[in-house]
Amino acid sequence: AEDLIIFHAGSLTNVLHELSKAFEQEYPKIDVKLVAAGSLVVARKITELHQIADLAFVADYTIIPEFLYDHYANYNVVFSNNSIVLAYTNKSKYCDLINKNNWYEIIFKKGVLFGHSNPDLDPAGYRTLMVMKLAEDFYSKNELFEKFINAKNKFILKKSIDLVAYLEAGELDYAFLYKSVAFQYNLKYLELPDEINLSSDEYKENYKKVSVEVPGKDGNPMKIFGKPINFSFTILKNAQNKKAAIEFVKFMYSDKGRKIFKENGMELFVLVDNPDNLPEELKEIWGF
Amino acid sequence: MELQIQNLKIEVGNFKLYVNNLKVNPGEYVYILGPTGSGKTLLLEAIAGFVTLKTGKILFNNQDISILPPEKRNIGFMYQNYHLFPHLNVKKNIEFGLKMKKIKDPTFFNYIVNRFNISHILNRKVQNLSGGEKQRVALARALVTKPKILLLDEPLSALDQDIKMEILELLHQLCQEYNLICIHVTHDKSEIIGDCAVYRIVHSTLKKEKSDNVQVPSYDY
Amino acid sequence: MELQIQNLKIEVGNFKLYVNNLKVNPGEYVYILGPTGSGKTLLLEAIAGFVTLKTGKILFNNQDISILPPEKRNIGFMYQNYHLFPHLNVKKNIEFGLKMKKIKDPTFFNYIVNRFNISHILNRKVQNLSGGEKQRVALARALVTKPKILLLDEPLSALDQDIKMEILELLHQLCQEYNLICIHVTHDKSEIIGDCAVYRIVHSTLKKEKSDNVQVPSYDY
Amino acid sequence: MFKYLVMIISIIFVLSIILPFLTVFLNVDYHLLIEIAKSKEFITSVKITFSAAFIATLIAIFFGTPFAYFVARYNFPLKSFLEAIVDIPQTIPHTAAGIALLLTLGRASLIGKGASIFGISFVQTFWGIVAAMGFLSFSIYVSSVKDGFKKVDIRYEKVARSLGATPFKSFFYVALPLVKHEMITGSLLMWARGISEFGAVAILAYYPMTLSVLTYDKFQGYGLNQALALTALIFIISMIIFVIIRIVQN
Amino acid sequence: MFKYLVMIISIIFVLSIILPFLTVFLNVDYHLLIEIAKSKEFITSVKITFSAAFIATLIAIFFGTPFAYFVARYNFPLKSFLEAIVDIPQTIPHTAAGIALLLTLGRASLIGKGASIFGISFVQTFWGIVAAMGFLSFSIYVSSVKDGFKKVDIRYEKVARSLGATPFKSFFYVALPLVKHEMITGSLLMWARGISEFGAVAILAYYPMTLSVLTYDKFQGYGLNQALALTALIFIISMIIFVIIRIVQN
Ligand SMILES: [Mg+2]
Ligand SMILES: [Mg+2]
Ligand SMILES: [Mg+2]
């Protein structure tokens, strides 16, 4: 069997797992190996740890141009969008009371534990910080962000998907996750106002007002500005199994693939950066 | 003040031992003979309180001591390898019983130490003692708390041939000196000296021999 | 065909042993006396080839065998605890040497087995043998490969008193029967029977005693 | 001939053990190593790791010593079953153990609820590290001390009893001192194993980060150089600990 | 009194060990458990885990037995240093060991380059699992067999020599049979430990997934229920292995 190695954002674990199972059924000779990590880690594995993969899926479409261009990739396919929600379960404290207007108070209440992912490693992490900065303005709550950063009643895990098991086990009351993840794991979730949830092109300019610093290339700090959440992928230049990678992408955009995305609460579309560099087969199906 | 054992029955696993009657008076030194594995040590351990009796009584001064825990029986016990506490020096070994019983009697301690001629080795490690020295330290440790009964489990078997007799005579002296009830178990009949009562374990049962006829055929044990 | 040791010096750590001269003829049975720790076993091991000599020679039939590895010296060795291989039964223990030396001699094997009266226990586990049986099996194992020299390291000390004499006589018989060079080390002078040469280790040196005067004061060892 | 063959195989064996250590020290960036050694993150992690393993060991001494004595000295039904149970955590995958502990000690569990009354929680806390280390390494301590008690001739305790010691005193003044050596080496080995624990700690308490977790985190999130420097530092620490253990053992 | 106190502490101790197992079996979704038990992913993982640990153990037997014999039988300078080195992997955090192995066996390393000639690579492969398991658990085998050789009276081998056995034959026909028991239990314990290994395996070879890694992966990517079902399955397997080891040991 030949291996198809996919490095991907943790938040895509479920959908890619289903997709690859279906794919393996159709292509029994190909063995798909999914390796999940925070999206920044996906990039660093490729660039710094020199690990070999065929496909890279990230939760922030800017990561591929920022980190992987031009040495490891030369195009970027934006395929879906998302928003940040506050996920919880029916065991969570105050789950009956929480709503759009009190969530930023409830998460700080005594006995409540909440979590988000590591801003240095995972886009969901720095996006959570952006949401809080936006919320400070939106709700006119001075020092909300400060309070959030200094809160003792929170876990910060490596990637957002890691929070799910702790939510399920009742070890967390609330977690900042992508809407698609909350949907996929049948969690309850509170949708935050569009003005702050990083979902909508409409509030693009508003999002841009906030920024977060993360370790960039070579470990130097890099400023990331708020923008709508878009997921993207690329086939890596040093892929050992480009053919299978192309087949996988084609399968992803087939009817079966689209159905799987839909069932996982994600909309599938195509926006390509540098379409000239796309493999011919993909140019064909997307009409470039 | 005599020790008397009546209708004693011990069962440990498949092993059994019966003692119909054994009586020892203060100042009396008795021998119990028996081959290896016949239950000699077990009998002593029963008297000392380490074995639960199946039936029977152990009377000391007409009181049943078999209901008492070992630490309340005031019986000196000496195993064949002495079992001096390896983590304590000679002095602390001898003082152990005094400490446990919260007795303060430096005069008697000094007397005993001199009696056994071990005052010069009090600070030695017990590992570095000769066989005879170990024996004397073990005796001092057992006797410093003034027990009424002294149980000796093959007390000579770990000694070099040339000092066996010396120690044996010491044991008999001590018995008289402190008016002790002494029970000496052994498989070696050549250890019998003086006109003592001799018992023998035959077919799991303790039997008395005529004390004037200890020379029995050697195939018997 | 005699065994001769000349100017032998052994050093193991701080321990030293000197043998100026030791000569044993075929059919001769010699004793080496010495207390525990005097190096008796070490001397036998040197003859058998387990200890590197500091100086000196071990001549057998006027050839220096000290340059040969143990397996080429053809010397029977018996430790005091026999060291029968616990993973092999009696038969396989005895056959071991034959197998190693690739000898096929069922007649002699049967002869030896009958000579030592162990044909009925060939399939027994060695753990379940009595002391005397172990001794006889160990002798059979050592002799079945027809060695010229038999080294006996305290051969009687693990035996019950009542069969010691029986085995001792057997050893002397074997020595004559097979014209063996026998060296018997022991700390117990009562094991000396017959008119044999007796050596003694005194101050790390092997010295010959007058063979008619082995009764030395007991404090000497 | 034979000896040389054995020697050669042994040398190959030892070299293959040394090689990874050598490789680390040949490749590490020593400036980065010193920088990390001074960093607050590293120092905190060392403190947390060492003290959590230490507390886990103390707990094992308190509960495990009586248990070892009980098993070594008394006979009772199901004894060998009990002895076996204690060794099971040694052979289960640590991640599975971590999940079991998460469920057992979590906020929703009985123990978790009980502990929260005292303000203690186990998930993503120092106490979670202690629990994970303890669960997966106590059997090292227990088996060391159990072997110790089994080797001690019970007659020492009987002599003590005949000299007037209660069972309690004969335990404290005779049995315990005679297994002192096994208690010390067992504790040190357990402590060292606790320090090395990863799988269960990562699940029960990724934070605060122990040295194991920190290494993994650096490796996954910040690239090889940082992880390598950390690895070299850990090797140095481990070797120091190891030398100490060896000295105590002999 | 004393006995009861000891008994009570022992019971608390044993309960605290049993509790996590109990909790898992009380909370697991048995339908999911059966589904996972039948899944190709799980069965493959079991096969990989067991066979990698098995091969690691075989390698340890081949190299470790002569080493154990060498250390037990011969004296040479730095002997105790050598003995100590073999135990070090037991006390280093497994993630650090994993990074050291990655560097030592990686594609850029000497060994990695050498092995690639034979088509073997260690990173994210079965052989990486073997290497990680072997490195972190061989000392269990070695110390078991070393203790065995040390317990065997060297006089058995001397007798064998005097009966005509070469050193080689006395090793094979006398020394080895006399440590058979230690070899078997050492191998089983090493194998079991190999199966439980996580940290180093996760770094050197996340794929193909061993049971440890699969558990972690499920926990991190697929939520608690799947991880819990897997944990329960692993506990069942571990207990079966454990019973087998116990039977062999006695
Ligand atoms: Mg697959
Ligand atoms: Mg006895
Ligand atoms: Mg000797």
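Arg115(B) pairs up with Glu177(B) in a salt bridge, with the closest N and O atoms 2.7 Å apart; the term covers a side-chain nitrogen of Lys or Arg within 4 Å of a carboxyl oxygen of Asp or Glu. This is a predicted model, so to speak of local features takes a pLDDT of at least 70 and side-chain atom pairs count only at pLDDT 80 or more, while totals for chains, interfaces and linings use all residues. Residues are numbered from 1 along each chain as its sequence is written, chains are lettered from A and ligands numbered from 1 in the order in which they are written, and side-chain values use heavy atoms, with hydrogens and water left out.

Chain B splits into domain 1 (1-74 + 151-213) and domain 2 (84-146), with bounds that come from an automatic or database domain assignment. The C-alpha centres of these two domains of chain B sit 23 Å apart. On the domain 1 side of chain B, 15 residues are in contact with 13 residues of domain 2, contact being heavy atoms within 4.5 Å. Together the two domains of chain B bury about 1,000 Å², 59% of it on carbon and sulfur atoms; buried area here is the accessible area (1.4 Å probe) that two parts lose on being put together, summed over both. Asn74(B), Leu170(B) and Tyr178(B) supply 39% of what domain 1 of chain B buries against domain 2, more than any other three residues.

The rule finds 1 salt bridge across this domain interface of chain B. It also finds 6 residue pairs in polar contact there (both at pLDDT 80 or more). A polar contact is a pair of N or O atoms within 3.5 Å; within protein, one must be able to donate a hydrogen and the other to accept it, and residues adjacent in sequence count only if both atoms are side-chain atoms. Helix H5 (residues 161-177) of chain B gives the largest share of the domain 1 side, 7 residues; helices (H or I, at least four residues) and strands (E, at least two) are DSSP runs, numbered from the N terminus. By class, that domain 1 side of chain B holds 11 nonpolar, 2 polar and 2 charged residues, where Ala, Val, Leu, Ile, Met, Phe, Trp, Tyr, Cys and Pro count as nonpolar, Asp, Glu, Lys and Arg as charged, and the others, Gly among them, as polar.

Next comes the interface of chains D and B. Here 18 residues of chain D are in contact with 23 residues of chain B, and the two chains bury about 2,000 Å² between them, 66% of it on carbon and sulfur atoms. The count is 2 salt bridges between chain D and chain B, including Arg161(D) with Glu71(B), whose closest N and O atoms are 2.7 Å apart. Polar contacts between chain D and chain B come to 5 residue pairs (both at pLDDT 80 or more). Helix H8 (154-162) and helix H9 (167-178) of chain D each supply at least two residues of the chain D side, and H8(D) has the largest share, 7 residues.

Chain D also meets chain E, with 80 residues taken from chain D and 80 residues from chain E. Chains D and E bury about 7,200 Å² between them, 84% of it on carbon and sulfur atoms. The rule finds 1 salt bridge across this interface of chain D and chain E: the side chains of Asp87(D) and Arg246(E) meet at 3.0 Å, N to O. Helix H1 (residues 2-27) of chain D brings 19 residues, the largest share of the chain D side touching chain E.
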